[in-house]
Structure formats: structure tokens, C-alpha cells
Amino acid sequence: MTVPERAPLGAALALLLTVVSLTGALSPVLMAASLALLALLIGIAWPGLLELPSPGGTRVVVAGTGIVGTLVTVLSPERISPLTGVVMVCATGVFAAFVHQMVRAERRDLTASLTGTVAGVFVAGISASWIIAQSAAVEAGTTGMITAIAAGLAATLLVNSTPLPPVPRFLLSALSGVGVTMVLAVSLAGLGPALAAAIGLVTAIGASCAHLLTGSSLVAKEPLPSLAVAAVPVATVGVVAHLVVLLLP
């Protein structure tokens, strides 16, 4: 299994989220802008990574879902929680994926195109979890936890970009991610070392698995698909950040 040439982009995106998490009251809005960019990258690259037919429609559906999801998290009315809004956006994205297939002039590979587009919808949609987590952390005064997770993610993806053999690379990336997350979670959020290490391990393994899965595509090293390889791990780890902020006291 080879490492996509643009894998360091994932580390750069995670580092961007790390910096944004430190910007105080403005951080949810800045996080939304950063995640809108991430969703756009996923939408542009997704049909190329999965080699889907009708790439134009898939790009619109996937990128549109992700961008609208980021807007909902910061603009939704009080009677609708941000999480509920994201779920509604993802459901709309699934419906849009079906509509896209129904209006296609070419009827080739309908099942592959539909399932691939729906998968992209959820990947782009769940990236908004970062914004929800950041907003909750700002209210609770625990933004250091988001900083720790994002920095650990950056360390994991940076090591994953090295040309090491697969197994040593996976182990080293996991150790790096756990180490960075643990140090920052202990120093910034006051967590115990064991709990901080567990959060770092979940973050590192989740990011590494997402990176290896998307990077295993035959076209993963090509310029456009490699954007998705870099962005998808960052998007998925947002779920971990949200759960940590939600469950920790």
C-alpha cells in the first residue's frame, strides 16, 4: 500500500483546525469556514477517488451537503439543535443523490454511482461535527480538548505521509498521535494521562484507518483524488471531537 503524494495536506488541514480552535469566541465561525473548505475539497475529489460516472452531479451533491451542513451549525434557529440540523442536511443530501441518478442521461453503473455519492454525502456532512464540538467547548471552557485532538490528528497524518513500510508507519503514526494528544490534553484541558492517552489512541487509529482506506484506491496518488485522501480523515475525526466534548464533564 503506497502513501498518496499529497497526504501532508491532511496534516496541514488538521493544523489549521488546531490554530482555529485557539481563537476564542470567533472560533466556531472560523471553524465553519475551514470545514466548508474541507467539504469543497472532498466534493471535488470524491468522484475521482471512487471513479464514479457523472462526476459533476456527484461533486455538487457531496460538496453542497458539506457546505450547507457547516452553515446550519452556525445559523440554525434555537429550536433546532445543530446536530439535528446536520442530520436533516445529510438526509437531504441522500435524497439529492437519488434525484441525481434519476436525471442522469447515461444509465451506466447506477448502483455504484448512487452508493458512492451517498457515502460522500455522509463523509462531507459529518465534518460539521468539528463545529458543533468547538461551539460546545467554547461554552464549557474546554477548547483545549479540541486543540489536543486536532494537533494529535495533525501528527498522525504527518507521519502517515512518510515513505515507511505500512506496518511501521501505522504504529509510528499512532504513537505520535497519542503522544501529542496526551501531552496537550493533560496540559491544556487538565485530563488524566490515561484518559488523554485513550482519546489520542481513538483519534490516531481512526485517522490512520480512514487514511489507509482512502489511500488504497488505485487512483489515490493522482492529483485530484489525492485531495480526498487528505481531507477524509480530518472530516471523520470530527465525530471523535464531538463525542469527547459531549461525554466528558
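Before anything else: the model is predicted.

I will start with the whole chain. It has 10 helices and 0 strands. Read along the sequence, the pattern is α-α-α-α-α-α-α-α-α-α. The radius of gyration is 18 Å, close to the 18 Å that the globule rule gives for 249 residues, so the chain is as compact as a globular protein of that length. If you draw a box around the C-alpha atoms along the principal axes, the box is roughly 55 × 50 × 25 Å.

How much of the chain is buried? Of the 249 residues, 50% count as buried. The accessible surface comes to about 10,700 Å², and 76% of that surface belongs to carbon and sulfur atoms. Next, contacts. Take those between residues at least 6 apart in sequence: 72% of them join residues at least 24 apart.

Helix H6 covers residues 129–140, which makes 12 residues. From its first C-alpha to its last it reaches 16 Å, close to the 16 Å expected at 1.5 Å a residue. Which residues of H6 are buried? They are Ser-129, Trp-130, Ile-131, Ile-132, Ala-133, Gln-134 and Ala-137. Just after H6 comes Gly-141, with a positive phi of about 75 degrees.

One is His-242, in helix H10, residues 225–247. His-242 counts as buried because its relative accessibility is 12%, and the cut-off for buried is under 20%. What does His-242 touch, leaving aside neighbours within four places in sequence? It is in contact with Leu-83, Ser-129, Ile-132 and Ala-133. Ser-129, Ile-132 and Ala-133 are among the buried residues of H6. His-242 can also be compared with Trp-130: the two are 112 residues apart in sequence, yet their C-alpha atoms are 6.5 Å apart in space.

The other is Ser-27, in helix H2, residues 27–50. Ser-27 has a relative accessibility of 0%, so it counts as buried. Not counting residues up to four places away in sequence, Ser-27 touches Val-20, Gln-134 and Val-138. Gln-134 is one of the buried residues of H6.

Ser-54 has a relative accessible area of 24%, so it is partly exposed.

Where does the largest share of the patch come from? It comes from helix H3, residues 55–75, which supplies 3 residues. Leu-71 is found in H3. Its relative accessibility is 43%, so Leu-71 counts as partly exposed.

The last topic is charge. Side chains of opposite charge can pair when their charged atoms come close. How many salt bridges are there in the whole structure? A search finds 2. In one of them, the side chains of Arg-108 and Glu-106 meet, at 2.7 Å from N to O. In another, Asp-109 pairs with Arg-108, and the closest N and O atoms are 3.2 Å apart. Glu-106, Arg-108 and Asp-109 are therefore linked in a network of salt bridges.

Where do these residues stand between buried and exposed? Arg-108 has a relative accessible area of 44%, so it is partly exposed. Glu-106 is partly exposed at 41%, and Asp-109 counts as partly exposed at 41% too.

To recap: the chain has 10 helices and 0 strands, His-242 of H10 touches residues including Ser-129, and Arg-108 takes part in salt bridges with Glu-106 and with Asp-109. That is the end of the talk.

Key:
Residues are numbered from 1 along each chain as its sequence is written. This is a predicted model: local features need pLDDT of at least 70, side-chain atom pairs count only at pLDDT 80 or more; totals for chains, interfaces and linings use all residues. Side-chain values use heavy atoms; hydrogens and water are left out. Helices (H or I, at least four residues) and strands (E, at least two) are DSSP runs, numbered from the N terminus. Buried means under 20% relative accessible area, exposed over 50%, partly exposed in between (1.4 Å probe, protein chains only). A salt bridge is a side-chain nitrogen of Lys or Arg within 4 Å of a carboxyl oxygen of Asp or Glu. The expected span of a helix is 1.5 Å times one less than its number of residues. The radius of gyration is taken over C-alpha atoms; the globule rule is 2.2 Å times the number of residues to the power 0.38. Contact means heavy atoms within 4.5 Å. Accessible areas come from the Shrake-Rupley method with a 1.4 Å probe; for residues, only the protein chains shown count as cover.
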